[in-house]
Structure formats: C-alpha cells, structure tokens
Amino acid sequence: MQVKQVIETLKLDLPTLFEKDISYDIYTRDIFFKDPVNTFKWKFNYRIIFWTLRFHGGLFFTELYFDLHDVQQTAEDIILANWTVRGVLRVPWKAKIFFNGYSTYKFNQDGLIYEHIDTWDRKPGEILKQFFQKG
C-alpha cells in the first residue's frame, strides 16, 4: 500500500472510531498496540479494542468525540496523528472528559502498519478524576 493511502484511511477512520468500525486492511496481522492502559499484539485483539471503545462509549457517554487534528508522515516509516478525545458522561452531573494525545504508527516496507503507540497528555488516573467533576 502507498503511504498516502494509509494516511487517507486514517483520516477517514479516526474521527468516527466511536461510531463505526475502522478499516483493518492497513495493519499487519501481528500489529502491536500500546497505550497508557493496554499492551497487546495481533489484529484480533486490535479489533476487540476498537469494538470495546464503541461499546463503552455508547454505554457510558451521551456525547463522545475523537477530534483528529493532523495526520502526517514524520519519518520514512512513521505516521503521526494528533487528536483530542472529549465527551459528556451519562451521569446526572454530566461530567465532561477531555484529553489530548497522539498516535505513532510505524509501517513496514509493504506500507502496512505493524505498530501503533498512543501517548496521552495526562495520566489515566487524572482522566478518571474527570468522571467525578460536575460538567
């Protein structure tokens, strides 16, 4: 696959990842994923994490958005996506969640992503504290 195609797929997939499934054909079978709370390998597990995001997003939030700010190739084998997650929890006090992050995707010589590392601008505990603050 061409790197431009991978970037365009990410630009289409990421903003709606809480609403519908992403395209998995841009990832290797043994994709490695890591964020501040998860670490795993294999496309099956990768599919599960996105299903879980959609399921829990619908269950726990009245509004949930993945704002994609930029996707670009930053090195020969790296694509970087900058984003913000924001939403309103399904609780009487309408707590709001908000955090920024970036995804680093590494791709192989076939143009397939074999590694996806997410970095957040705050610790998971700090994000969790937002659940208990009035909106």
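Student: Which residues does Ile113 touch, not counting residues up to four places away in sequence?

Tutor: Keep in mind that this is a predicted model. In it, Ile113 touches Val6, Leu10, Ile26, Tyr27, Thr28, Ile31, Tyr105, Lys106 and Phe107. Contact here takes heavy atoms within 4.5 Å.

Student: Which residues touch the most other members of the largest nonpolar core?

Tutor: That core has 34 residues, and the ones touching the most other members are Leu10, Tyr27, Tyr46, Ile79, Tyr105 and Ile113. Two or more core residues come from each of α1, β1, α2, β3, β4, β5 and β6. The largest share, five residues, is from β4.

Student: Why is Arg54 called buried?

Tutor: Buried means under 20% relative accessible area. Arg54 has 18%, so it counts as buried. You'll find Arg54 in helix α2, residues 43–60. Leaving aside neighbours within four places in sequence, Arg54 is in contact with Leu17, Phe18, Glu19, Lys20 and Asp21.

Student: Which residues are buried in α1?

Tutor: They are Val3, Val6, Ile7, Thr9, Leu10 and Asp13.

Student: What puts them on the same side of α1?

Tutor: They cover an arc of only 160° around the axis, so they lie on the same side of the helix. On the other side, Lys4 and Leu12 are exposed.

Student: And what covers the buried residues of α1?

Tutor: The cover includes β1, β3, β4, β5 and β6.

Technical notes: Residues numbered from 1 in each chain as written. Predicted model: local features only at pLDDT ≥ 70, side-chain atom pairs only at ≥ 80, totals over all residues. Heavy atoms only, no water. Helix = DSSP H or I, 4+ residues; strand = E, 2+ residues; numbered from the N terminus. Buried < 20%, exposed > 50% of the residue type's maximum accessible area, 1.4 Å probe, protein only. Core = buried A, V, L, I, M, F, W, Y, C linked by side-chain atoms within 4.5 Å. Arc of directions from axis to C-beta.
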